[in-house]
Amino acid sequence: MKFILSAFTEGIRIPVEGTYDAKTIEVEFPDMVYTEPLRLTGIAEKSCGTLRLQGTLTTAVRRFCGKCLKAKSEKLSCAFDWIFDLMGKDTIEPLENVRELLILEHPLVHLCKAGCKGLCPICGTDLNEAACNCKENDYHASPVIIKKEKPKKERHHGTS
Ligand SMILES: [Zn+2]
Ligand SMILES: [Zn+2]
């Protein structure tokens, strides 16, 4: 996806779209495999020496839970709002931004659900579905989870 700046008129918003192959741009993770191309749709506007690109990146992925290893296919959708400095440039290629967006979107440890109990490291039982007798040995260590910060949702201050 490349933007040729001479094709843009100052201050005119242009709908744009393009696709990337996740394999070619090397943004696959061991626990997150893309099952569809990365699709970018949005609006581009050249103004005051910058190109602003706003829109959404959508794709489909197959994710593996970091604790119970269960795989699940899901749609992925990330909004973006990028501003490129045009100084000395004839074209803009947002590849690095796409890569960065997906790396940020990818948590260090993905869990199938917040309270996933994972597999018993001794007998391999999926502890979400069944219990086993290994528990007293206290081997159920949890991986460290670093959550990415999400924008805080507005709370409703109601009386109900
Ligand atoms: Zn899980
Ligand atoms: Zn067990």
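Me: In the hairpin that E4 and E5 form, which residue in the turn has a positive phi?
Reply: This is a predicted model, in which local features need pLDDT of at least 70, side-chain atom pairs count only at pLDDT 80 or more, and totals for chains, interfaces and linings use all residues. Residues are numbered from 1 along each chain as its sequence is written, while chains are lettered from A and ligands numbered from 1 in the order in which they are written. Strands (E, at least two residues) and helices (H or I, at least four) are DSSP runs numbered from the N terminus. Two residues lie between E4 and E5, and the one in the turn with a positive phi, about 50°, is Cys-48.

Me: How many bridges join E4 to E5?
Reply: Strands pair if DSSP finds at least two bridges between them. In E5, Arg-52 is opposite Glu-45. The two strands run antiparallel, and the number of bridges is nine.

Me: In the hairpin of E5 and E6, which residue takes a positive phi?
Reply: E5 (residues 50–64) and E6 (residues 71–85) are antiparallel, with 15 bridges. Thr-58 has Ser-77 as its bridge partner in E6. Six residues separate the strands in the hairpin, and the one with a phi near 65° is Leu-69.

Me: Which residues does Leu-40 contact, leaving aside neighbours within four places in sequence?
Reply: Contact means that C-beta atoms, placed from the backbone, lie within 7 Å. By that rule, the partners of Leu-40 are Met-1, Glu-17, Gly-18, Gly-55 and Leu-57.

Terms used. Contact = placed C-beta atoms within 7 Å.
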